[in-house]
Amino acid sequence: MKNSFANAEGKSILLKMVKAIQDNKAYLGDIDGLIGDGDHGMNMNKGFTVFEERFADQDFGFTEGLDDLGMILLNEIGGSMGPIYGTILMGMAEQGEDLEEIGLEEFSGMLEHGLSELQTIIEAQVGDKTLVDTLSPAVDSLKKALEQGETFDKALDDMKTAAEAGRDSTKDLVAKFGRSSRLGERSRGVLDAGATSCCLILCAMADGIKELL
């Protein structure tokens with residue numbers, strides 16, 4: 001088991017992320033429909049599928065793919081989640097664009113930069129029932145793994161666990177942002193759709209990286 005992967009070989013990671021969203025289009029729509037407008041799965045699927053159709057036959061690396069996918073989400077799917085995911089993915093790409101090899105330290109820095117960029121455009125914090133409840137614990141888990149000297153493989157498993165716990169935590173929270181925030185207490189008891197899609201993306205990303213290690 002290696003402790004890094006070649007940036008240039010990262011195409012398969014992006015395609016795994018695409019499949020995770022495509023396979024869960026209906027599920028994301030159902031979750032969003034409970035307290036939102038129900039279009040999250042459709043919009044996410046649209047953006048990820050456009051990326052697949054446009055780039056699946058081309059050669060690209062991990063950070064290049066993140067940037068291209070981020071641009072599509074930012075500019076072509078509409079709604080609030082397009083700019084949010086576009087900012088995260090393009091932030092990750094920016095941090096890692098010059099890397100030939102990506103190990104735990106580099107990947108941790110990329111995801112942290114994605115979160116930092118997101119926090120320049122939204123005010124949501126952990127506990128506000130958004131995808132930050134998934135992304136922030138995932139970033140924290142990677143930093144902890146780095147401090148403890150864990151292998152990249154183990155750190156990715158820890159990140160998945162943290163992302164899943166963060167997603168699940170949103171069920172008991174009251175929405176503070178977006179359409180669902182109008183419901184107040186009635187938004188409690190349902191997973192947040194953004195936190196759920198973020199978990200799908202992070203877990204697919206982790207699984208894709210693990211296959212290259």
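These legends describe close-up views of a predicted model.

**View 1. Helix α5 packs against helix α6.**
Two packed helices are described by the angle between their axes and the distance between the axes. Here α5 covers residues 81-96, and α6 covers residues 104-118. Their axes are 7 Å apart, at an angle of about 140°. That angle makes α5 oblique to α6, because only angles over 145 degrees count as roughly antiparallel. The crossing of α5 and α6 is right-handed.

**View 2. Residues from both helices make the α5–α6 contact.**
On α5, look for Ile 84, Thr 87, Ile 88, Gly 91, Met 92, Glu 94, Gln 95 and Gly 96. On α6, look for Phe 107, Gly 109, Met 110, Leu 111, His 113, Gly 114, Glu 117 and Leu 118. By class, the contact of α5 with α6 has seven nonpolar, seven polar and two charged residues.

**View 3. Asn 45 is a buried residue of helix α3.**
Helix α3 spans residues 40-55, and Asn 45 lies in it. The relative accessibility of Asn 45 is 14%. Buried means under 20%, so Asn 45 counts as buried. Set aside its neighbours within four places in sequence, and Asn 45 is in contact with Ile 21, Gln 22 and Lys 25.

**View 4. Phe 51 and Phe 55 form a tilted aromatic pair.**
A pair of aromatic rings is described by the distance of the centres and the angle of the planes. The count for this model comes to four aromatic pairs. For Phe 51 and Phe 55, the ring centres are 5.3 Å apart and the planes meet at 35°, so the pair is tilted. Both residues sit in helix α3. They are four residues apart, which means a separation of about one helical turn. Phe 51 is buried, and Phe 55 is buried too. Phe 51 and Phe 55 also belong to one aromatic cluster with Phe 60.

**View 5. Phe 107 and Phe 152 pair across distant parts of the chain.**
This aromatic pair is tilted as well. The rings lie 6.0 Å centre to centre, with 50° between the planes. Phe 107 belongs to helix α6, and Phe 152 belongs to helix α8, residues 152-169. The two are 45 residues apart. Phe 107 counts as buried, at 0% relative accessibility. Phe 152 is buried, also with a relative accessible area of 0%.

Technical notes. Residues numbered from 1 in each chain as written. Predicted model: local features only at pLDDT ≥ 70, side-chain atom pairs only at ≥ 80, totals over all residues. Heavy atoms only, no water. Axes fitted to C-alpha atoms, helices over the stretch in contact; angles between N-to-C directions. Parallel < 35°, antiparallel > 145°, perpendicular 65-115°, else oblique. Left-handed = near helix turned anticlockwise from the far one by under 90°. Contact = heavy atoms within 4.5 Å. Nonpolar A, V, L, I, M, F, W, Y, C, P; charged D, E, K, R; others polar. Buried < 20%, exposed > 50% of the residue type's maximum accessible area, 1.4 Å probe, protein only. Phe/Tyr/Trp six-rings, centres within 6.5 Å; stacked < 30°, edge-to-face > 60°.
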